[in-house]
Amino acid sequence: MIEDQELKIDKDIKSESAENSPMSHSEILREQVSEALVIYDKTNSSILLSSFSAGLEIGFSFLLICVMTAFFTNGTNSAVVWKINALVYPVGFILVVLGKSMLFTEQTSLLTLPVLNKKSKIIDLFRLWGLVLTGNIFGGMLISIVAIWIGPKLGIFDIKIIEKVSEHVLHSDLTVIFVSAILAGWLMGLLSWLLTSSDSTISRILVIYIITAVIGAMGLHHSIVGNIEVFSGLIVSKNITIIDYLSFQGIAIVGNAIGGVVFVALLKYKAFAYNGNN
């Protein structure tokens, strides 16, 4: 009887240890493919609504950046202000990712994996990317309009602060923005990968915060947050033109996509294949 109890305890310990052990590369990959296939089965309207919601929610990062910029501008060196903003930059991402809304840069590498695994077609991938981008961009435009109105009304920032934030995003030339966007897309793809191996809300929040704070601290260009920043500047500033906005968006989207697809989806999948798996 005692031996049976000891055996049962030993099995329970081994089972608990297996549950708490880190996921292997192949387990994360299979989980990512399964998660992506669920998205492929969703209706177009469902994807559009979810991505529109993400475009709105990510706007809280922009709102907080404007608030912090306004608060610290007068008494703090400008370079320091942008580093302080990195502390609040992750808030919108936490809202989006934990709320399961669809963000283009998080989904880019994820949605590519079933195509690499020959379980989905590339035309379906482009369709999903188009839907997610459309929802994200229009959601971002709406929150931009809200921010421009509510900031001055609440006295938390004014139009000059919005203009300052927008011009800071656009201060680099397009080549720099392109490479910067690749790095941001790479990090966002890694975010999706790491979240799959995280099994608690606290660990997921930490992963989201660390990855997106790095993007904020380095000043990397994120096409969806950047959409809000630059579109807001387009509305309030004479120095930002529609050409500036469209050029930024095109370069940032392509860069983010390359970063997620090449440096996460393709490399992670090839690493799995070269490990002798199918």
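Residues are numbered from 1 along each chain as its sequence is written, and side-chain values use heavy atoms, with hydrogens and water left out. In this predicted model, local features need pLDDT of at least 70 and side-chain atom pairs count only at pLDDT 80 or more, whereas totals for chains, interfaces and linings use all residues.

The chain contains 13 helices and zero strands. Helices (H or I, at least four residues) and strands (E, at least two) are DSSP runs, numbered from the N terminus. The C-alpha atoms fill a box of roughly 80 × 45 × 35 Å along the principal axes. Of the 278 residues, 46% are buried. Buried means under 20% relative accessible area, exposed over 50%, and partly exposed in between, with a 1.4 Å probe and protein chains only. The accessible surface of the chain is about 13,800 Å². Carbon and sulfur atoms account for 65% of that surface. These areas come from the Shrake-Rupley method with a 1.4 Å probe; for residues, only the protein chains shown count as cover.

The largest nonpolar core has 63 residues. Such a core is a set of buried Ala, Val, Leu, Ile, Met, Phe, Trp, Tyr and Cys residues joined through side-chain atoms within 4.5 Å. Helix α8 (residues 122-154) supplies its largest share, eleven residues. I58, F93, F104 and L111 have the most contacts inside this core. Beyond four places in sequence, I58 touches G92, F93, V96, L103, I224, V225 and I228. A second, separate core has eight residues, including I28, L29, V33 and Y269.

A nonpolar patch lies on the surface. Its members are V179, L183, W186, I202, L206, I210, V214 and M218. Together they have about 720 Å² of accessible area. Patches are made of residues with over 30% relative accessible area and no salt bridge; like charges are joined within 9 Å, and nonpolar side chains (Val, Leu, Ile, Met, Phe, Trp, Tyr) within 5 Å. Helices α10 (174-196) and α11 (201-218) each supply at least two patch residues. The largest share, five residues, comes from α11. L206 is one of the residues located in that helix, α11.

F178 is in helix α10. This residue is partly exposed, at 26% relative accessible area. Apart from neighbours within four places in sequence, F178 contacts I251, V254, G255 and I258. Its C-alpha atom is separated by 25 Å from that of I94, which is 84 residues away along the chain.

The structure holds one salt bridge, defined as a side-chain nitrogen of Lys or Arg within 4 Å of a carboxyl oxygen of Asp or Glu. It joins R127 and D124, with an N to O distance of 4.0 Å. The two residues are three apart in helix α8, so about one helical turn separates them. Both ends are partly exposed: R127 has a relative accessible area of 30%, and D124 has 26%.

S51 is found in α3 (residues 44-57) and is buried, at 0% relative accessibility. A polar atom of its side chain lies 3.4 Å from the backbone oxygen of L131. S50 is buried, with a relative accessible area of 16%. Its side chain reaches the backbone nitrogen of M102 at 3.1 Å. S50 also touches K100 and S101, again not counting residues up to four places away.

Most residues other than glycine have a negative phi. K100 has a positive phi near 65°. K100 lies in the loop between α6 (90-98) and α7 (104-116), and is exposed at 58% relative accessibility. For K118, phi is near 60°, also positive. K118 is in the loop between α7 and α8. K118 is exposed, with a relative accessible area of 76%.

Notes: Contact means heavy atoms within 4.5 Å. A polar contact is a pair of N or O atoms within 3.5 Å; within protein, one must be able to donate a hydrogen and the other to accept it, and residues adjacent in sequence count only if both atoms are side-chain atoms.
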